[in-house]
Amino acid sequence: MWEDGGCEAPSLEESDVIFQILIGELPYLLEGAGIALTLLAALLGLGFVFGIVLAILEVYGDRFSSILAAAIEFFFRGVPAIVLLFLFYYGLSSILDLSPFAAAVLALGLRSGAYQSQIFKGAFQSIASGQMLAAQTLGMSKIKAVLYIILPQAMRFAIGPWSSQFCGDLKATSFAYLVGVSELLRRGSYIVAYTYGNALTVYGFCALIYLILTRAGTMILYRLEDRLCVPGFERRGT
Amino acid sequence: MNLLAIEDVYKSYGDLEVLRGVSFVMQKGETKVLIGPSGTGKSTLLKCINRLISLDKGKIWLEGTEVTNPKTNIDMIRSTIGFVFQDFNLFAHLTALDNVRIGPMKVKKMKRREATELAMEELHRVGLEDKADAYPAELSGGQGQRVSIARALAMAPKLILFDEPTSALDPELIGEVLEVMIDLAKSGMTMLVVSHEMGFSRSVAKEVIFIEKGKIIEKGSPSQLFTAPKHKRTEEFLHKITELYG
């Protein structure tokens with residue numbers, strides 16, 4: 001029909017068809033969203049641990065570990081996500097036979113960790129130095145002091161900026177499409193392919209799912225921030 | 001045996017010599033007060049005693065254990081020395097009760113219930129058991145400093161170091177903190193105090209030590225030092241702080 005003139009709008013029946021297909025494929029797409037969320041949980045978890053370790057090394061470590069941490073950060077923040085994915089999936093394939101999912105967790109997780117370390121570093125540095133001193137005068141080792149005194153305070157400062165990291169990483173899961181993880185976007189693309197070009201509707205529907213997930217996630221984080229709010233740590237703007 | 005012995009300690013920051021051969025000893029149950037112009041190393045000396053700052057030269061002994069020996073388990077030593085800061089440094093995310101019991105729980109591995117009882121006793125001792133659930137941001141300066149004294153007491157220290165405990169307080173709040181400190185001194189706690197509160201020194205200090213430019217210029221009982229100082233510098237300094245503190 002496009003060859004015939006090309007300016008005809010699709011008939012009502014045709015647009016109905018794509019919605020019926022979308023409804024029929026909803027379980028398939030939601031499963032893809034589930035895979036994206038699993039990937040997100042894994043990469044955020046890895047990134048959280050990696051980011052805290054990097055931040056502690058950089059702020060409280062000796063010269064060597066602080067330089068090492070800064071170098072690692074520089075690498076994972078400086079290389080594009082897609083390049084990291086290709087490095088871990090194709091580049092390391094001869095040494096490390098990673099599944100697409102594992103490669104995505106590692107590449108995106110370490111990248112997220114490098115960004116998260118910046119958030120935690122700032123949060124650690126915003127804690128008055130007297131807090132560490134006071135903990136040490138009670139006989140706490142540096143590790144205990146960080147665990148019981150610094151971290152609980154730093155986490156409260158970190159939740160706000162961390163929620164933007166969460167949004168970024170949720171959307172970054174769609175990069176995993178490129179190494180073959182069957183997540184939401186890839187499944188959307190399959191549907192676009194077999195329905196011959198309903199790109200706007202299908203991708204629009206995927207976008208809607210991403211929006212809902214982002215909103216749900218940030219709401220949970222805001223609620224967490226409220227629950228952790230104690231006098232002296234009020235949420236900014238309240 | 002001396003509870004605390006400070007032997008000929010030196011400390012420099014670059015070219016700035018902060019401590020230049022300071023020595024003195026303290027017996028169990030004594031209160032001693034350090035006075036002197038700002039920047040003369042009083043705070044540095046206190047922080048050297050629990051090795052928050054390391055010395056360049058000299059030795060410090062606590063009940064026969066050499067604090068300054070790198071092999072000494074310093075966390076262990078610190079848990080037996082209380083430290084009260086000028087700006088309290090209460091743990092901002094914890095209630096008054098948690099501030100006081102976290103040391104016994106996390107350092108001495110005391111059971112939660114036992115630590116809570118102990119903490120409530122110490123809060124009672126500083127007159128703040130009704131503020132147990134308040135966060136530091138909800139306390140007045142005087143209350144904050146009293147909680148920080150309770151926090152130090154909960155570790156059952158051999159010695160408490162006070163680094164200008166009332167300098168950050170509004171004048172009308174100084175009294176309540178000094179009162180707690182006087183009661184402590186009278187109950188037999190060993191206390192080394194950096195403070196220019198002459199009234200406090202007069203009522204409980206065994207000895208007042210005047211330090212200037214990293215050296216002890218003069219020491220003596222409060223009545224002797226405050227009324228008949230031997231050195232001209234001591235006299236000048238006392239004249240200045242009398243004008244300020246009365």
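Predicted model: local features only at pLDDT ≥ 70, side-chain atom pairs only at ≥ 80, totals over all residues.
Helix H6 of chain A covers residues 129–137, and its buried residues are A:Met132, A:Ala134, A:Ala135, A:Gln136 and A:Thr137. What do those buried residues pack against? Their partners are helix H7 (142–172) of chain A, together with H2 and E6 of chain B.

A:Gln131 sits in that helix too. It has 19 C-beta neighbours inside 10 Å, so A:Gln131 counts as partly exposed; the cut-off for buried is 20 or more. Leaving out residues up to four places away in sequence, A:Gln131 touches A:Ile149, A:Ile150 and A:Gln153, plus B:Asn89 and B:Phe91 from the other chain. A:Ala172 is another story: it lies 41 residues from A:Gln131 along the chain, and their C-alpha atoms are separated by 37 Å.

Now for the contact between the chains. On the chain B side 22 residues take part, and they meet 20 residues of chain A. Helix H2 (74–78) and helix H3 (96–106) are the chain B elements that give two or more residues to this side. By residue type, the chain B side splits into twelve nonpolar, five polar and five charged.

Chain B itself has nine helices and ten strands. Its radius of gyration is 18 Å, close to the 18 Å that the globule rule gives for 246 residues, so chain B is as compact as a globular protein of that length. The C-alpha trace spans about 55 × 45 × 35 Å along its principal axes. Buried residues account for 49% of the 246 residues in chain B. Take the contacts in chain B between residues at least 6 apart in sequence: 63% of them join residues at least 24 apart.

Six strands of chain B make an open sheet, and walking across it gives the order E6-E7-E8-E3-E9-E10, with mixed pairing. At the edges are strand E6 (81–84) and strand E10 (215–220), each pairing on one side only. From one strand to the next, the twist averages 20 degrees.

Here are some of the strand pairs in chain B.

| Strand pair (chain B) | Sense and bridges |
|---|---|
| E6 and E7 | parallel, four bridges |
| E7 and E8 | parallel, four bridges |
| E9 and E10 | antiparallel, five bridges |

B:Gly82 stands opposite B:Ile160 in E7 of chain B, while B:Asp163 stands opposite B:Val194 in E8 of chain B. To get from E7 to E8, the chain crosses through helix H6 (residues 171–186) of chain B, and this β-α-β crossover is right-handed. Over at E10 of chain B, B:Gly220 is the residue that B:Val208 stands opposite.

Why is strand E7 of chain B largely enclosed by the rest of the structure? The strand covers residues 159–163, and five of its five residues are buried, so it is largely enclosed. Both faces of E7 are covered: B:Leu159, B:Leu161 and B:Asp163 are buried on one side, and B:Ile160 and B:Phe162 are buried on the other.

Notes
Residues numbered from 1 in each chain as written. Chains lettered and ligands numbered in written order. Contact = placed C-beta atoms within 7 Å. Nonpolar A, V, L, I, M, F, W, Y, C, P; charged D, E, K, R; others polar. Pairing = 2+ DSSP bridges. Axes fitted to C-alpha atoms, helices over the stretch in contact; angles between N-to-C directions. Rg over C-alpha atoms; globule rule 2.2 N^0.38 Å. Buried ≥ 20, exposed ≤ 12 C-beta atoms within 10 Å, placed from the backbone. Right-handed = clockwise from strand over helix to strand, strands pointing away.
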